[in-house]
Amino acid sequence: MNKEDSTLTHLECTKCGKEYSSAEVHKLCSCGKVLFAAYDLEKAKETIDSESLKNRRYDIWRFHEIMPVLEPDYRFTLGEGWTPLIRIDNLGEKLELNNLYVKDEGLNPTGSFKSRGLCAAVSKAYELGVREFVIPTAGNAGAALSAYAAKTKTKAHVFMPQDTPEFIVTEIKALGANMHMVEGLITDAGRIAKEAAAKYDWFDVSTLKEPYRAEGKKTMGFELAEQFNWELPDVIIYPTGGGTGIIGMWKAFAELETLGLISSKRPKMITVQSSGCAPIVKAFNEGKDYAEFWENAETIAAGLRVPAAVADYLILQILRESKGTAVSVDDLTIKISMFQLAREEGIMLSPEAAATIAALDLLIEKGKIQSDEKIVTFGTGSGFTTPEVWERE
Ligand SMILES: *Cc1c(COP(=O)(O)O)cnc(C)c1O
């Protein structure tokens, strides 16, 4: 195998198992469920090991054998990925959690981990000939798409709610995307974006409605494993909207185990949502396999204002299989946690990210996390993207 190769083989439905060629663009399976990229992991094993990783690039293409882009020239980058894993001792001491970390995704291009997913999706679609994209967004995904569209000289059409955080709208404009403000929520933006995609033949990169954003997000799982010296933490706390990150990391762990890089030990995966929009928490508590649409969704954590997730069944499956859980926190607690993290740890994170910190008390109370466990909270976005939230303390 050439040292720059990808071992991508095909696409496979996560529900019915139907296979599709990875040489052409596909969205969802004909059964309506999510497609995953599949790799020849036996072949990938020949070149990936902890030693060979030492001389590699520090971005999402670091594990290029198990990433979907075949042609090295199409592995575009703005420096996404390889974010720091920061121990937060001051808060940890207060909560009597001895191994508490933040994975600071706010340091990614455009200030959120959305850049990982859109870097992968845009790069792969580019390789397959796509030059015009459309996305419905709560904000960050639109900013990320706009940046990679600029980088690849392609076109981005961004559909977002009228009340999208102000700075993110400014950001998307600055990055040169075509903006469309929509009355309603991300689900309304999604419907309009889908119509436009069909009408103008634009490629829709909605969360998990094409297979490659999850491939970009899975790199968070690769990094966690490597940063913890190939032993995964005990707990991952993740602010969940569409769930790409949880789903991507879970896939990454399976791939790493097959490659012989980690054992079968898995973290408890914990979803945090806002009490103003918590469809996954509700479905988890009711023991359901799918989540119901959440009416009148409202929260300062814009990225968590996702009333319906196309991959709800995958998120719920992972939470249960990992013996994790799902909890919700209210906006005031989220805001307090933003300031706490800023003043006690020097880290300014977005409301979605701070929700994971806000959930710690509740998780301790419920006995879901223990003081000596290694706990990673996902700091999915930078606090710089929501100046209005800081100004109104
Ligand atoms: C999109 C977003 C989320 C939710 O991520 P999913 O992977 O869709 O669940 C969380 N935090 C921030 C900052 C986001 O932009």
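How many aromatic pairs does the count come to? In this predicted model, the count comes to 13 aromatic pairs. Y74 and F76 make up a stacked pair, with 6.3 Å from centre to centre and 20° between the planes. Y74 is partly exposed at a relative accessible area of 29%, whereas F76, at 14%, is buried. Together with Y126, Y74 and F76 form one aromatic cluster.

Y290 and Y313 form a tilted pair, with centres 5.9 Å apart and planes at 35°. Y290 belongs to the loop between α10 (279-285) and α11 (312-321), while Y313 sits in helix α11, so the pair ties together parts that are 23 residues apart in sequence. Y290 is partly exposed at 34% relative accessibility, and Y313 is buried at 3%.

Rings also meet charges here. The charged end of K217 sits over the ring of F113, 3.8 Å from the ring centre.

F36 leads on to strand β3. This strand covers residues 35-39, and five of its five residues are buried. L35, A37 and Y39 point one way from β3, and F36 and A38 point the other way. Strand β3 pairs with strand β1 (residues 8-13) in the antiparallel sense, over five bridges. Within this pairing, L35 is the bridge partner of C13.

A further lysine, K124, lies in helix α3 (residues 114-127). K124 counts as buried because its relative accessible area is 1%, with buried meaning under 20%. Beyond its neighbours within four places in sequence, K124 is in contact with L8, S22, P68, V69, L70 and Y212.

Notes. Residues numbered from 1 in each chain as written. Predicted model: local features only at pLDDT ≥ 70, side-chain atom pairs only at ≥ 80, totals over all residues. Heavy atoms only, no water. Buried < 20%, exposed > 50% of the residue type's maximum accessible area, 1.4 Å probe, protein only. Helix = DSSP H or I, 4+ residues; strand = E, 2+ residues; numbered from the N terminus. Pairing = 2+ DSSP bridges. Contact = heavy atoms within 4.5 Å. Phe/Tyr/Trp six-rings, centres within 6.5 Å; stacked < 30°, edge-to-face > 60°. Lys NZ or Arg CZ within 6 Å of the ring centre and 35° of its normal.
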